[in-house]
Amino acid sequence: MKHWLAPLVVALFIAATAAQEAPSLQTLRTDAAKLQPLMQKKTRPAAGDWLAEHPEDGQTFDQYLASRPNRPTAERTTLYIQPIGDFTKAQEPLVKDTAEILRIHFGVPVKVLDALPDAAIPDRARRTHPKWGMKQFLSAYILESVLLPRRPKDAVAVLGLTATDLFPQPSWNFVFGEASLEERVGVWSLARYGDAEKDYATVLRRTLQVATHETGHMFGIEHCTLHECGMNGSNNLAESDHAPMPFCSVCDLKLWWACRLDPAARYTSLADFAKAHGLAKEEAEWRRRAEVLKK
Ligand SMILES: [Zn+2]
Ligand SMILES: [Zn+2]
């Protein structure tokens with residue numbers, strides 16, 4: 001009996017390995033080329049837009065490969081979300097929805113760590129804004145003293161999420177978020193995305209857009225200057241509201257490669273997620289890409 005068992009186990013093991021095998025780079029490049037005609041060229045920046053103030057060259061796929069970006073490995077397997085400080089009842093589902101889209105978008109397990117209470121940020125790392133009067137946390141403190149010491153061994157990156165406004169240093173009014181790519185930790189605030197109680201859909205869309213954009217940076221993707229794309233730099237809320245959430249074919253190619261993803265299956269899952277969360281525009285875009293790749 002015994003000698004029957006061994007080949008069966010080996011066969012199962014091979015089947016399991018084959019199912020997880022990543023598509024070849026050539027296959028991924030072919031898929032990206034199929035999507036290219038659907039992409040919309042980046043529009044010229046208006047005064048005050050990101051590219052008007054920060055001239056950037058962009059990053060080709062080959063430059064991305066050469067940069068040896070952070071990517072999931074056998075040891076660094078998991079994306080972590082660390083909620084920090086108070087969330088209102090209406091804001092609470094944003095954390096779960098963020099975890100879900102990141103799992104699909106990047107194809108890695110996402111774990112939400114136990115929320116840290118407001119009191120985890122000491123007086124020396126917070127202030128009341130001198131003119132505006134709102135409570136603010138010091139983003140650099142969160143990176144160095146909250147996220148880094150708690151970074152789990154298997155973390156490919158840790159994303160801090162807070163509903164409290166952030167400031168990077170005393171001379172600044174505020175910052176939407178801050179990250180250390182080297183340390184693989186980042187923090188973003190939901191404080192400026194609107195009222196989740198009155199307009200959850202808008203706050204959700206902004207939250208998911210920034211979560212996918214910033215996690216893209218965590219995987220070494222630089223700002224996109226080629227297409228209208230989720231990786232476009234943005235200087236303000238109006239500019240990021242104008243940018244699409246989906247990444248363009250070049251930025252997605254980087255992700256497919258970094259995270260060993262199946263492009264068509266991922267687009268279908270993203271479209272299903274968008275449908276379930278009332279993101280009609282995003283659903284249509286991801287759905288038509290899945291259709292193109294299935295042809
Ligand atoms: Zn950015
Ligand atoms: Zn792009």
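Reader: Which residues lie nearest the centre of the largest pocket?
Author: Keep in mind that this is a predicted model. Trp 50, Phe 176, Gly 177, Glu 214 and Ser 234 lie nearest the centre, out of 32 residues that line the largest pocket.

Reader: Which elements give two or more residues to that lining?
Author: Strand S7 (177–180), helix H7 (200–218) and helix H8 (237–242) do. The largest share is from H7, with seven residues.

Reader: How much space lies in the largest pocket?
Author: About 840 Å³.

Reader: And how do its lining residues divide into nonpolar, polar and charged?
Author: There are 14 nonpolar, 11 polar and seven charged residues in the lining of the largest pocket.

Reader: Back up a bit. What separates the centres of the two domains, in Å?
Author: The centres of domain 1 and domain 2 are 23 Å apart, taken over C-alpha atoms. In the contact, domain 1 takes part with 17 residues and domain 2 with 14 residues.

Reader: What volume does the second largest pocket have?
Author: About 300 Å³. It is lined by 16 residues, and Gln 40, Glu 228, Pro 244, Glu 285 and Arg 289 are the closest to its centre.

Reader: Which helix gives the largest share of that lining?
Author: Helix H11 (residues 280–294), with six residues. By type, the lining of the second largest pocket has seven nonpolar, three polar and six charged residues.

Reader: New topic: the core. Which members of the largest nonpolar core touch the most other members?
Author: Leu 79 and Leu 102, in a core of 61 residues. Helix H9 (residues 249–259) supplies the largest share of this core, eight residues. Domain 1 and domain 2 each give this core at least three residues.

Reader: What does Leu 102 touch, leaving out residues up to four places away in sequence?
Author: Leu 79, Ile 81, Gly 107, Val 110, Leu 159, Ala 211, Thr 212 and Thr 215.

Reader: How many residues are in the second, separate core?
Author: That one has 19 residues, among them Ala 125, Phe 137, Ala 155 and Val 185.

Definitions and conventions:
Residues numbered from 1 in each chain as written. Chains lettered and ligands numbered in written order. Predicted model: local features only at pLDDT ≥ 70, side-chain atom pairs only at ≥ 80, totals over all residues. Heavy atoms only, no water. 1 Å grid on protein atoms, 1.4 Å probe; cavity = no way out; pocket = protein on both sides within 12 Å on 5 of 7 lines; lining within 4 Å. Points joined across faces, edges and corners; volume = space filled by probe spheres on them. Helix = DSSP H or I, 4+ residues; strand = E, 2+ residues; numbered from the N terminus. Nonpolar A, V, L, I, M, F, W, Y, C, P; charged D, E, K, R; others polar. Core = buried A, V, L, I, M, F, W, Y, C linked by side-chain atoms within 4.5 Å. Buried < 20%, exposed > 50% of the residue type's maximum accessible area, 1.4 Å probe, protein only. Domains from an automatic or database assignment. Contact = heavy atoms within 4.5 Å.
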